[in-house]
Amino acid sequence: MEIESILYDKRMSDIGIYYITRRFGNHISDLYIGKTVYSFGSRLESHYWYWLDKYRGKKYVRLGTIVKPKNISEDDLKQLIGDAEATLIYCLGDQLLQNKMCTISCNPSQLLMITNIGRRGNIPEQVFISDEDWIV
């Protein structure tokens, strides 16, 4: 959804990972992959007012939540969200214009295979750090 519309969406109180892109003319740019363990609404609103207006064109946001494993503790869910964000940024960092914190190295607490469903934009269906890149 466009960022202006998504700020009013019922999912804004959820937590997870988000992916911001922009369309300017016929060109689509990957801007940012981020996480929130508070709410999508608070995090996206801060981006909207802080730096997104520097980019021309329409800005879009895709939301991601943890589907599996189910029934994990709140602390484990927050850790998993952080690990998923780090893995996505590490694997897609050369595409991103913002948030490049994990592009040189990535050290999540566990090795993940992330399966993306729905409208995922330029994010591949499966994302993972290969064994030779995994830091133990």
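The buried residues of helix α2 pack against α1 (3-6), β1 (16-24), β2 (27-36) and β3 (58-64), where contact means heavy atoms within 4.5 Å and buried means under 20% relative accessible area with a 1.4 Å probe, protein chains only. This is a predicted model, in which local features need pLDDT of at least 70, side-chain atom pairs count only at pLDDT 80 or more, and totals for chains, interfaces and linings use all residues. Residues are numbered from 1 along each chain as its sequence is written, and side-chain values use heavy atoms, leaving out hydrogens and water. Helices (H or I, at least four residues) and strands (E, at least two) are DSSP runs, numbered from the N terminus.

Let's look at α2 itself, residues 40-50: Phe 40, Gly 41, Leu 44 and His 47 are buried there. Viewed down the axis of α2, its buried residues fall within an arc of 135 degrees, so they line one face of the helix; the arc is taken from the directions from the helix axis to the C-beta atoms. On the other side of α2, Trp 49 and Tyr 50 are exposed, meaning over 50% relative accessible area.

Now to the sheet. Three strands form an open, antiparallel sheet in the order β2-β1-β3, with strands counted as paired if DSSP finds at least two bridges between them. β2 and β3 stand at the edges with a single partner strand each, so one side of each has no neighbour in the sheet. β1 and β2 pair over nine bridges, and Tyr 18 has Gly 34 in β2 as its bridge partner.
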